[in-house]
Structure formats: C-alpha cells, structure tokens
Amino acid sequence: MRIGLLLNESQDPDPLGGLRDKLAKAADEGFASAWLSHIFGLDALTTLAVAGSQVPGIELGTAVVPTFPRHPLALAQQAMTVNAAVRGRLSLGIGLSHQVVIENMFGYSFERPGRHMKEYLEILMPATRGEQVDYDGETLKAHARLTTPGAGLRVLIAALGPRMLKLAGTVADGTVLWMTGPKTVAEHVAPTITAAASEAGRPAPRVVCSLPISVTDDVEATRARANEIFAIYGQLPSYRAMLDREGAAAPGDVAIVGDEDSVRAQLDGLAKAGVTEFVASEFAHRERTRAFLKTLL
C-alpha cells in the first residue's frame with residue numbers, strides 16, 4: 001500500500017509558496033503522492049501547476065475537483081495543461097460535491113447526480129486522451145477535440161455508492177475515498193469497483209483512501225478532537241452513509257488514532273481490505289505522526 005499526504009493550505013502570506021514548501025518536504029521525505037482538496041480556498045489544479053512544477057518526482061492529485069461548475073471539456077483542458085506543467089504526474093480526482101453546495105451555493109440542479117457523472121465522464125475521458133468528442137446527452141453536449149498537451153492523465157472519481165463505484169471501475173482509473181473505514185472498503189467499495197473493472201476488461205482500479213490520522217497515547221481525547229474538526233462530514237449525506245455502513249457514530253470513529261503499533265495495525269487493516277493507497281490527513285500530534293509515517297516509506 002502506497003502512502004501519500006493530504007496537504008493543508010498554508011496560512012502564511014504566500015500560500016502558494018507555503019504549499020510548494022510542504023510539497024517539497026513530502027517529496028524529500030519519500031512520500032508517494034501529495035493531494036490537495038478543492039473546497040473554498042485555493043483552486044487545486046492551479047495550485048498544483050504552480051507548486052508542483054517546482055517540485056519533481058512526487059505524484060500530485062486533486063481530492064477532489066467538483067464537476068458541476070465546470071464543463072467537462074473545460075476541465076479536461078485545464079487538467080491536461082496542469083499535467084503538462086508537472087510532466088505527467090497529475091491524478092485528477094473529481095466528484096459530485098454535495099447537494100447543499102451545488103444547489104444552495106452555485107444554483108445548479110442536483111437532480112439525478114448519477115446521470116450527470118455518467119455523461120460527464122463520457123466527455124471527459126476521451127477529451128483527456130486527445131480524442132474527438134461528439135456527444136449529445138440529456139444534460140451535457142460536446143463536439144470538439146482538444147489539442148492541449150498533457151493527454152493521458154489518470155482520472156479517479158470520489159465514488160461511494162454502488163452506481164458510482166461501478167462507473168469508476170468501468171471507465172475511470174479508480175476511486176478517492178474520504179470518511180470510509182476498513183469494513184466498508186472490504187465489504188462494499190473494493191469488491192464493487194474491482195468487479196466492474198474486471199467486467200469491463202480494465203486494469204485493477206486504484207482505491208485511494210484518505211482518513212484523519214494521529215499517532216498519540218491519548219486516544220480518547222484525540223478522537224474527540226477529530227469529531228470536532230470533522231463534524232460537518234458526519235452530517236453530509238454521502239459521508240454519513242459511509243459512516244453508517246461502518247457502524248461509526250461520528251467521524252472520529254473512523255480516524256486512524258493510537259500509538260505506533262496500533263496505527264500500524266489499523267493501516268495494515270486498510271491494506272487487507274483493498275486500499276491501494278492511504279492518503280494521510282494529519283490533524284493532531286503532527287510531529288509524532290509524520291515521524292511514524294516516514295517509517296512506512
């Protein structure tokens with residue numbers, strides 16, 4: 001199982017420079033990948049182009065860019081440009097976001113999100129390969145061929161439900177998970193996406209699992225801290241469904257928390273469940289946590 005890091009935006013006056021430094025440190029320490037969320041701060045793809053072009057070697061990923069505000073041709077063009085800037089190291093993670101964001105903040109309809117993602121990928125995937133796209137769907141249309149450099153980048157979907165996992169296995173390179181524990185990966189995520197990829201004659205999919213992590217002796221207090229920091233994810237329907245599948249009352253229950261031996265065992269459990277890459281979201285006791293993670297590389 002590969003080990004990556006989920007980067008946090010820098011709070012200093014030079015946020016792009018701060019992220020470049022974090023990325024350089026991750027690369028120097030030997031982490032396989034570094035991922036950046038796209039929420040309400042920095043634009044993830046622009047940031048990875050600027051910072052990532054200055055740091056060689058490490059895989060760069062978005063976790064994840066929402067689809068709805070961007071036509072798939074526009075996103076393909078942007079992502080291919082970034083992939084060219086970082087010399088083929090980009091993994092484009094995309095997702096639906098959430099109804100409260102798409103409808104209440106952006107003003108788009110969130111009706112039939114599965115249909116939306118299917119149509120989106122039917123344009124995005126060939127476009128990122130530099131192929132001619134001629135597509136007329138119910139909600140999306142495209143008739144163009146991009147000549148942008150950087151074709152052939154990896155595309156992963158934030159797929160949690162059965163339909164999205166089957167879609168990810170059939171046409172994309174894998175899934176990027178959040179708030180999804182080992183039981184759910186083993187019994188739901190891994191078998192669903194792997195079967196879909198096999199039926200489609202595609203390579204084994206990537207299962208990239210990101211979770212909060214902290215190496216500590218004070219487990220109870222640290223899980224309580226995770227519940228505070230990540231409380232919103234216990235309320236959003238898609239993540240709430242994953243927590244319920246896991247039998248977790250709150251986000252802190254799926255966080256990777258404990259001393260070095262305990263955390264190692266929890267990560268081993270994720271690997272046995274079918275996770276191909278763990279992306280660490282360090283949230284407490286960061287120095288001890290990073291020191292431990294480096295022993296796994």
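A residue counts as buried when its relative accessible area is under 20%. By that criterion, 53% of the 297 residues of the protein chain are buried in this predicted model. The chain contains 11 helices and 12 strands, and its side chains form 20 salt bridges.

**Overall dimensions and surface**

- The radius of gyration of the protein chain is 19 Å, which agrees with the value near 19 Å that a compact globule of 297 residues would have.
- Along the principal axes, the C-alpha trace spans about 55 × 40 × 40 Å.
- Taking contacts between residues at least 6 apart in sequence, 72% join residues that are at least 24 apart.

**Charge**

- The protein chain carries 29 positive and 33 negative side chains.
- The centres of these two sets of side chains lie 4 Å apart.
- A network of salt bridges links Arg2, Glu59, Arg154, Arg206 and Glu277.

**Salt bridge between Arg290 and Glu29**

- Arg290 and Glu29 form a salt bridge in which the closest N and O atoms are 2.8 Å apart.
- Arg290 belongs to helix 11 (residues 286–295) and Glu29 to helix 1 (residues 15–29), so this pair ties together parts of the chain that are 261 residues apart in sequence.
- Both partners, Arg290 and Glu29, are buried.

**Salt bridge between Arg202 and Asp173**

- In the salt bridge of Arg202 with Asp173, the closest N and O atoms are 3.5 Å apart.
- Arg202 sits in the loop between helix 7 (182–199) and strand 10 (206–215), while Asp173 sits in the loop between helix 6 (162–171) and strand 9 (174–178); the pair therefore ties together parts that are 29 residues apart in sequence.
- Arg202 has a relative accessible area of 28% and is thus partly exposed.
- Asp173 is also partly exposed, at 26% relative accessibility.

**Salt bridge between Arg288 and Glu260**

- The side chains of Arg288 and Glu260 meet in a salt bridge with an N to O distance of 2.8 Å.
- Because Arg288 lies in helix 11 and Glu260 in helix 10 (residues 260–273), the bridge ties together parts that are 28 residues apart in sequence.
- Arg288 is partly exposed, with a relative accessible area of 30%.
- Glu260 counts as partly exposed as well, its relative accessibility being 28%.

- Thr128 is placed in helix 5, which covers residues 113–128.
- The relative accessibility of Thr128 is 2%, so Thr128 counts as buried.
- Setting aside residues up to four places away in sequence, Thr128 touches Ala76, Met80, Ala151, Gly152 and Leu153.
- Thr222 is placed in helix 8, which covers residues 219–229.
- With a relative accessibility of 3%, Thr222 counts as buried.
- Apart from neighbours within four places in sequence, the contacts of Thr222 are Ser214, Thr216, Val257, Phe283, Ala284 and His285.

Definitions and conventions
Residues numbered from 1 in each chain as written. Predicted model: local features only at pLDDT ≥ 70, side-chain atom pairs only at ≥ 80, totals over all residues. Heavy atoms only, no water. Helix = DSSP H or I, 4+ residues; strand = E, 2+ residues; numbered from the N terminus. Rg over C-alpha atoms; globule rule 2.2 N^0.38 Å. Buried < 20%, exposed > 50% of the residue type's maximum accessible area, 1.4 Å probe, protein only. Contact = heavy atoms within 4.5 Å. Lys, Arg positive; Asp, Glu negative; His and termini not counted. Charge placed at Lys NZ, Arg CZ, Asp CG, Glu CD. Salt bridge = Lys/Arg side-chain N within 4 Å of Asp/Glu carboxyl O.
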